[in-house]
Amino acid sequence: MNIRVYESTIVAIAIVVLGLCIKGGIDNFANKDRKVTVKGLAEREVEADKVTWPILSKETGNDLPQLYELIAQKQAKIKRFLLAAGIKESEISVDASKVIDMNADQYATGLKPYRYNITSIITVTSNNVKLVRSIIARQGELLKQGVAIVEGGYESPTVYEYVSFKDMKPKMMEEAIANAEKTAQQFANNSHSTLNKIVSADQGQFSIDNRDLHTPWIKKVRVVTTITYSLKD
């Protein structure tokens, strides 16, 4: 009799355990596809910490050696102006002058008043953006010395960069993930669910753009991350 009771007890326990396993399996099956995918955003406005300023000047004429001499004189005046304004020697580089022979241009039509067109480029590369911007505003002073600075256009624009970007990436990612979690939590509340663990996440897409066309030295740093959470009842 005791053996039968013992066996019955074992069977009963097995049935209970099996029932719990079946219930857990059904619950997992019901919840396995319950997910929510959200995006988290973080933004910062920062000032550029590096500037590259190409300074262009031109000379036209027919006597090539004389033009080279005039260009050399202009380059010397520009360098003296920059050094006196606080730019370091190591921040100044002088590129080879670009010479265009108008007579050799197969696409040129008609008579040209001058044969040669020489462009000189002196490039300032500095992390002292505020200083360089103040000098750019003063470049008209070179006109008093007979040096006309020409616009670089699309080929030689003044470029502002934010090179300290890596230092702020961890905090921005942390903020983007926190914002994604807030959005997912709101979704879970609205659907009467409980936010569970992260199923998948990307490393975030970072971008650095000018804030607007008029202040290219102000940068907008932006990161968007996509995270998928599981939900449960």
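**A threonine and its surroundings**

Modeller: The side chains of Thr 123 and Asp 95 are joined by a polar contact of 3.5 Å. A polar contact is a pair of N or O atoms within 3.5 Å; within protein, one must be able to donate a hydrogen and the other to accept it, and residues adjacent in sequence count only if both atoms are side-chain atoms.

A word on the ground rules. This is a predicted model, so local features need pLDDT of at least 70 and side-chain atom pairs count only at pLDDT 80 or more, while totals for chains, interfaces and linings use all residues. Residues are numbered from 1 along each chain as its sequence is written, and side-chain values use heavy atoms, with hydrogens and water left out.

Back to the threonine. Thr 123 sits in strand S5. Strands (E, at least two residues) and helices (H or I, at least four) are DSSP runs, numbered from the N terminus. Thr 123 is buried, at a relative accessible area of 11%. Buried means under 20%, exposed over 50%, and partly exposed in between (1.4 Å probe, protein chains only).

Which residues does Thr 123 contact, leaving aside neighbours within four places in sequence? They are Thr 52, Trp 53, Pro 54, Glu 91, Ile 92, Ser 93 and Asp 95. Contact means heavy atoms within 4.5 Å.

Follow Trp 53 next. Trp 53 belongs to the largest nonpolar core, which has 18 residues. Such a core is a set of buried Ala, Val, Leu, Ile, Met, Phe, Trp, Tyr and Cys residues joined through side-chain atoms within 4.5 Å. Trp 53, Ile 78, Leu 82, Ile 87, Val 124 and Ile 135 touch the most other members. Strand S2 (50–61), helix H2 (64–85), strand S5 (116–126) and helix H3 (129–137) each supply at least two residues of this core. H2 gives the largest share, four residues. Now take Ile 78. Beyond its neighbours within four places in sequence, Ile 78 is in contact with Ile 55, Ser 57, Ile 122, Leu 142, Val 147 and Ile 149.

There is a second, separate core of ten residues, with Met 168 and Val 221 among them. Met 168 lies in helix H4 (residues 165–190). Met 168 is buried too, at a relative accessible area of 12%. Not counting residues up to four places away in sequence, Met 168 touches Arg 44, Val 46, Tyr 162 and Val 221.

A pocket is found on a 1 Å grid over the protein atoms alone: an open set of points where a 1.4 Å probe fits, with protein on both sides within 12 Å along at least five of seven lines; lining residues have an atom within 4 Å of a point. The largest pocket has a volume of about 250 Å³. That volume is the space filled by probe spheres set on the points, which are joined across faces, edges and corners.

Thr 60 is partly exposed, at a relative accessible area of 39%.

Last, the whole chain. Four helices and nine strands make up its secondary structure. Of its 233 residues, 29% count as buried.
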